[in-house]
Amino acid sequence: MKHLIDILDFSVEELQELIDTANDIIDHPKAYSERCKGKKLATLFFEPSTRTRLSFEAAMYDLGGNVIGFSEAQSSSAAKGESVADTAKVISCYADIIAMRHPKEGAPLVAAMNASIPVINAGDGGHNHPTQTLADLLTIYREKGRLSNMTVGFCGDLKFGRTVHSLINALSRYEGIKVVLISPEELKLPSYVKKDILKEHDIPYVQTSDLESIMSGLDVLYMTRVQRERFFNEEDYLRLKDSYILTPDKLNNAKTDLSILHPLPRVNEISVEIDSDPRACYFKQVLYGKYMRMALILKLLKEAGNCEY
Amino acid sequence: MNIDAIKNGIVIDHITAGLGMKLYDLLELESLDCSVAIIKNVSSPKLGRKDIIKIDADIPINLNVIGYVDPGATVNRIRDGFTIEKKKLELPEKLVNVLFCKNPRCITSTEQELKHVFKLTDRKNRIYRCLYCETKAN
Ligand SMILES: [Zn+2]
């Protein structure tokens with residue numbers, strides 16, 4: 001049974017297959033509108049994440065399927081103390097595919113080990129969030145026409161930002177990738193990510209705290225939010241949260257075909273004035289996220305022998 | 001000091017001095033009914049000092065545990081007083097309930113019945129990571 005727990009569960013070829021399917025869905029939405037007729041997606045959200053849940057639900061509805069599930073742990077049997085393994089076994093009796101969000105790292109893997117239907121990790125604590133990475137990859141691919149030979153800047157919270165680690169991981173398998181890491185000292189990319197991913201794949205990278213000085217070399221700028229919940233004390237959060245605010249003047253030296261991405265929600269790290277700049281891609285990214293989730297649901301159902309396409 | 005040679009059983013030899021007790025615990029030898037001897041600080045031409053464990057019954061032994069704790073040890077099966085098999089040890093790909101994940105955000109921290117599984121992710125540097133949260137074992 002094929003699941004998506006970690007972005008590396010998919011080979012480069014499989015990712016391309018998802019991108020091709022998503023592009024085909026964008027071009028021919030009607031052709032897909034009944035592909036999952038009679039199928040049920042269970043959205044098991046043990047912590048609230050309205051944005052991700054709605055994206056999965058919209059994806060399933062656009063495929064003609066149905067959605068069951070819960071949006072927080074209090075309304076599920078977990079509140080009565082049921083294990084993730086048991087929940088996965090029970091839901092396997094009702095649904096055809098699971099999208100699971102859980103505050104504990106590794107919970108979706110436990111579900112995958114116990115379910116008899118495909119499981120999609122919709123975010124496990126600060127660990128993995130592979131469908132966000134799928135959205136990022138489709139956005140870059142559609143903007144650039146490729147996933148290789150480019151310089152990608154990551155800006156903001158690179159220490160706790162799981163979407164950053166995951167995207168670096170995914171891009172590390174493509175040729176000609178260069179990485180620029182822009183963060184305050186306290187939020188630098190962890191050394192194990194540098195060692196295990198960047199050095200392991202011989203990816204050239206530079207670290208800086210000055211966004212403007214490296215702006216002109218970037219093809220993609222991936223902005224992130226400094227998340228309050230990752231800090232133990234409020235003071236550190238307040239001090240670091242405004243480290244980088246992207247304003248129009250900072251884009252003076254930027255390439256005309258720069259693509260600005262952000263996993264959203266943003267707080268204030270991208271000024272709203274940028275929204276009308278053609279280089280802003282973060283709202284398109286949300287839409288592409290839905291298309292990639294559609295492609296993913298189709299692929300996993302097909303591999304489970306539960307869908308003709 | 002003399003410990004009788006065993007006739008049928010298992011001898012774990014060339015254990016790094018000081019690791020005998022740890023292996024005894026991890027292999028759960030205290031639950032056995034047969035005689036078990038731990039001999040500590042035996043002089044050895046090869047190691048200087050070594051520990052030896054002798055088990056007076058031919059029981060299945062979790063070689064992964066020994067491979068992880070002390071890959072230089074040797075495991076011999078004895079039958080009728082003769083060594084009939086020398087087991088080769090190597091770092092195991094997977095360890096179950098040998099290492100325990102200490103990450104408070106890991107699913108193993110809230111679900112007590114889950115087995116703690118660690119996977120070998122870097123053989124050269126002997127690095128194991130939690131199967132669930134990928135936290136490095138230390
Ligand atoms: Zn763990």
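Me: Which residues does A:D219 touch, not counting those up to four places away in sequence?

Reply: Contact means heavy atoms within 4.5 Å. By that rule, A:D219 touches A:K144, A:M150, A:T151, A:K255, A:D257, A:L258 and A:S259. This is a predicted model: local features need pLDDT of at least 70, side-chain atom pairs count only at pLDDT 80 or more, and totals for chains, interfaces and linings use all residues. Residues are numbered from 1 along each chain as its sequence is written, chains are lettered from A and ligands numbered from 1 in the order written, and side-chain values use heavy atoms, without hydrogens and water.

Me: Where does A:D219 lie, and is A:D219 buried or exposed?

Reply: A:D219 lies in the loop between helix 8 (211-214) and strand 8 (220-223) of chain A. Helices (H or I, at least four residues) and strands (E, at least two) are DSSP runs, numbered from the N terminus. Buried means under 20% relative accessible area, exposed over 50%, partly exposed in between (1.4 Å probe, protein chains only). A:D219 has 10%, so A:D219 is buried.

Me: How do I read a salt bridge?

Reply: Side chains of opposite charge can pair when their charged atoms come close. The rule asks for a side-chain nitrogen of Lys or Arg within 4 Å of a carboxyl oxygen of Asp or Glu. Over all chains, the structure holds 25. A:E186 and A:R239 form one, at 2.8 Å from N to O. A:E186 sits in the loop between strand 6 (177-182) and helix 7 (191-199) of chain A, and A:R239 in helix 9 (residues 234-240), so the pair ties together parts 53 residues apart in sequence. A:E186 is partly exposed, at 36% relative accessibility.

Me: How many salt bridges are there between chain B and chain A?

Reply: The count is 2. B:R105 pairs with A:E105, with the closest N and O atoms 3.2 Å apart. B:R129 meets A:D196 at 3.1 Å, N to O. B:R129 lies in strand 8 of chain B and A:D196 in helix 7 of chain A, so this pair joins two chains. B:R129 is buried at 16%, while A:D196 is partly exposed at 33%.

Me: How many residues of chain B are in contact with chain A?

Reply: The interface brings 15 residues of chain B into contact with 17 residues of chain A.

Me: Which residues coordinate the zinc ion?

Reply: Donors are N, O and S atoms within 2.8 Å of the metal (3.2 Å for Na, K and Ca); water is not among the atoms, so sites may look incomplete. Here the SG atoms of B:C101, B:C106, B:C130 and B:C133 coordinate zinc at 2.3 Å. Their spacing along the chain is C-x4-C-x23-C-x2-C. B:C101 is buried at 12%, and B:C133 is buried at 5%.
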